[in-house]
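Please open the structure in your viewer and keep the selection panel at hand. The stops below are meant to be taken in order.

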Amino acid sequence: MFLSSAEAIERLVPEGTGLLAVGGMHMHNNPMELVRELVLRRRGVRRLLTSPSASLAADLLIGAGLVDEVATAYIGFEHLGLAPAYRRAAESGAVTVLELCEAAIVHGLFAGAGGLPFTALPPGLELSDVSTANPEHFHTITDPFTGERVLVAAPLRPDVALIHALAADERGNVFFAGAHFTDRLMAMAAKTVIVQVERMAKAGEIAAQRAESVLPGFLVTAVVVAPRGCLPTASHRAYGYDEPALRSYLKLSRTEDGFAEYLQINGMAAAGVTA
Amino acid sequence: MSVTVEYSTGELMAAVMARQLRPGEVAIMGAVSALPQAACRLAQLTTAPGLWFIAGGSGAVNPHLEPLVASSCDERLLNADAVMTLPDVILVEGRGDLIDVFFAGGLQIDIRGNCNLGPVGSWSHPTLRGPGGVGLPFVARAGRVVIYSMSHDRRTFVEHVDFVSGPGFPAGPGGLPGGGPSLMVTPLCTMDFDPGTHLARLATLHPGVTLDQVQEATGFAPILPVKLETTPAPTPEELSILRRLDPAGLLRSGASR
């Protein structure tokens, strides 16, 4: 249940994992300790699923060449700029982009979590090019109730989800603080769930949380205690994002050499790691 | 005699967007949305008391913006009247009868109000891979769509977007379930949409901007109105509220006017 980040990635994220989901939104609550371990171990995944808005975690994994296909609705850095490694990989064709929108991600995760065979989407969503660009994920069928045409999307059932929560107790019950975005839903839909936490929970602390802020331990495969482990992204109710560090990443990762230098400086260069 | 007060392009745009909102409406916005958030808070404090707004991925409902912040998921936004979970926000967007105003934007925006935040150029090998549209497909279901862009040039304002992230008015048969785009607000002007053709129509020029300047910077030919007005400048009251919300000057990083 309680593992180091190295043990968790080594044991629970096999090379070639079919669908890896990574939580957090924008530059907040990215499970960076776990992501750094993936990069350090050069653990490749066939497909990465992001939250509705991904940032550093996705850009690092793509830049490190660890992702064949990415299913996403946004990878960027908001006011700080576009995602340099994602841009380079998508523009060269090094990574295949499976366009999604936040509705397909969230309703797809609901379907995955609830065992639904697929999910129907609200009328009007077929007017964007998202469903056209990703024909594997979307179909148009006849609504058996109304006879109207309806856009449907595949369920999302990640093999592994990496998410961040504030604290865990000894049985692996965890709770989220601040905004928890789609992290809880991602965990509920995934087969294997690794939760990175800031700290251990105090006695009675989890019982005092509201139901929608808690993920019970039977849904959690492993907990990794990693204080300040979301940096340079924020951890809600713990610390803000480190804007100078994010800017320095964005500057270096404009080129492949700079990206490699960033990995070197931040202890993620693969040389010297023994599996 | 009126006193001339300097203001930034961002402040002017926030004031213009605030005047689009009405009391009791529900507005929503996505990533990089400090500008529409400021507009909503300004509207609540002036012409649209009782307005509701949902600040992007944070799920914050009526964030107090003390202060305005740059990221749409910043935990300081949770200092708000209420907070929803993100899955709840996405349910509400899907219902289609709750969101009156959707603030949208794009790397490319076209004459029918389509917005593209995805690939520019070819879909499989784009010349510019945009970040992605997040919730922009939902604009099809909103009461009306206010489009904003901090760039007004021919790369941004194009005849046809290369990829539709947020649907504008359809070119062919069939309509939108929602009301469609109502206004575009840029650093140079505002454009609305001709009710007959659903094509962009120049509405107002910002103070000091010429028609030539707009036409030069726009990749399509907007319909010209019978009478071209000047965008009213922010009032001293509006500016005073905006500056109280924004001590860091997020809205003042652009050019002064």
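The tour starts with the confidence scores, goes on to the contact between the chains, and then visits some backbone features.

Before selecting anything, bear in mind that this is a predicted model, and that its overall scores are an ipTM of 0.96 and a pTM of 0.97. If you colour chain B by confidence, the average pLDDT is 96, and 97% of the residues in that chain score at least 70.

Next, select the contact between the two chains, to which chain B contributes 42 residues and chain A contributes 43 residues. Keeping to the side of chain B that touches chain A, highlight helix H3 (86-95) and strand S9 (126-129) of chain B, each of which supplies at least two residues to that side. Of the elements there, H3(B) gives the most, with four residues. If you then colour this side of chain B by residue class, you will find 22 nonpolar residues and 17 polar ones, together with three that are charged.

Select Leu231(A) and Pro232(A), which are joined by a cis peptide bond with an omega of about 10°; Pro232(A) sits in the loop that runs between strand S12 (222-225) and helix H8 (243-252) of chain A. Moving to chain B, select Glu66(B) and Pro67(B), where the peptide bond from the glutamate to the proline is cis, with omega near 10°. To place Pro67(B) in the fold, look in the loop between strand S3 (60-63) and strand S4 (80-83) of chain B.

Return to chain A for the stops that concern positive phi angles. In the loop between S12 and H8 of chain A, select Arg228(A), which is not a glycine and yet has a positive phi of about 55°. Is Arg228(A) buried or exposed? Arg228(A) is exposed, because 12 other C-beta atoms lie within 10 Å of its own and a residue with 12 or fewer such neighbours is classed in that way.

For the last stop, select Arg42(A), located in the loop between helix H2 (32-40) and strand S2 (45-50) of chain A. Arg42(A), although not a glycine, has a positive phi of about 50°. Displaying its surroundings shows why Arg42(A) counts as partly exposed: it has 14 C-beta neighbours inside 10 Å, a count that falls between the limits of 12 or fewer for exposed and 20 or more for buried.

Definitions and conventions: Residues numbered from 1 in each chain as written. Chains lettered and ligands numbered in written order. Predicted model: local features only at pLDDT ≥ 70, side-chain atom pairs only at ≥ 80, totals over all residues. pLDDT = per-residue confidence, 0-100. Contact = placed C-beta atoms within 7 Å. Nonpolar A, V, L, I, M, F, W, Y, C, P; charged D, E, K, R; others polar.
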